[in-house]
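Please examine the sequence and the structure shown below. The report that accompanies them is written for a reader who is new to protein architecture.

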Amino acid sequence: MENNRILNVHLLGSFRLTWADQPVASFAQARLQYLLAYLLLHPHIPISRRQVAFTFWPDTPDEQSLSNLRTLLYRLRDALPDSQHLLEIDRHAITWRGDAGCALGGRIRSGAHPGRAWRAA
């Protein structure tokens, strides 16, 4: 990977995402930002789709929340540069695997939790 092909994500303050030192504008949707933050804070840990769906849509029936998640994952793969190397998505789990080419701003990688902000969006 070239040195400038780094995904920079700033989660504290205003959300900012750059790829190869260029802003990625396709992350304007709050839930997309929250999903990326959630995955970044759990690197290399397969997270159950059901767990993510319940976390993001706790008051929605299971089938609808899983459908919402499928749509959001489609948007994430579409918006995230080099998503095939950064994400592993299968029928049961989602895994962030791209930390070699990712810089996370704010020094929050060490177990901080994004809080409940995604529920308000």
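**Overall make-up**

The model is predicted. Its secondary structure consists of five helices and seven strands. Read from the N terminus, the elements follow the order β-β-β-α-β-α-α-α-β-β-β-α. The protein has 121 residues, and 40% of them are buried. The accessible surface amounts to about 7,000 Å², and carbon and sulfur atoms hold 48% of this area.

**Aromatic pairs**

How many aromatic pairs does the protein contain? The count is three. Two of these pairs are set out in the table.

| Pair | Distance between ring centres | Angle between planes | Arrangement |
|---|---|---|---|
| Tyr 38 and Phe 56 | 5.9 Å | 85 degrees | edge-to-face |
| Phe 56 and Trp 57 | 5.8 Å | 40 degrees | tilted |

Why is the pair of Tyr 38 and Phe 56 edge-to-face? The planes of the two rings stand at 85 degrees, and an angle over 60 degrees counts as edge-to-face, so the pair receives that name. For Phe 56 and Trp 57 the planes are at 40 degrees, so this pair is tilted.

Tyr 38 belongs to helix H1 (residues 30–40), whereas Phe 56 belongs to helix H2 (residues 49–56); the pair therefore ties together parts that are 18 residues apart in sequence. Tyr 38 and Phe 56 are both buried. For Phe 56 the relative accessible area is 2%, and for Trp 57, which is buried as well, the value is 9%. Both residues count as buried because their values lie under 20%. Together, Tyr 38, Phe 56 and Trp 57 make up one aromatic cluster.

**Packing of H2 and H3**

Two packed helices are described by the angle between their axes and the distance between the axes. H2 packs with helix H3 (residues 62–79) at an angle of about 100 degrees, and the two axes are 9 Å apart. Angles from 65 to 115 degrees count as roughly perpendicular, so H2 is roughly perpendicular to H3.

Which residues of H2 meet H3? They are Arg 49, Arg 50, Val 52 and Ala 53. On the side of H3, the contact involves Asp 62, Glu 63, Ser 65, Leu 66, Leu 69, Arg 70 and Leu 73. Of the residues in this contact, five are nonpolar, one is polar and five are charged.

How values were computed: Residues numbered from 1 in each chain as written. Predicted model: local features only at pLDDT ≥ 70, side-chain atom pairs only at ≥ 80, totals over all residues. Heavy atoms only, no water. Helix = DSSP H or I, 4+ residues; strand = E, 2+ residues; numbered from the N terminus. Buried < 20%, exposed > 50% of the residue type's maximum accessible area, 1.4 Å probe, protein only. Areas by Shrake-Rupley, 256 points an atom, 1.4 Å probe, with all protein chains shown as cover. Phe/Tyr/Trp six-rings, centres within 6.5 Å; stacked < 30°, edge-to-face > 60°. Axes fitted to C-alpha atoms, helices over the stretch in contact; angles between N-to-C directions. Parallel < 35°, antiparallel > 145°, perpendicular 65-115°, else oblique. Contact = heavy atoms within 4.5 Å. Nonpolar A, V, L, I, M, F, W, Y, C, P; charged D, E, K, R; others polar.
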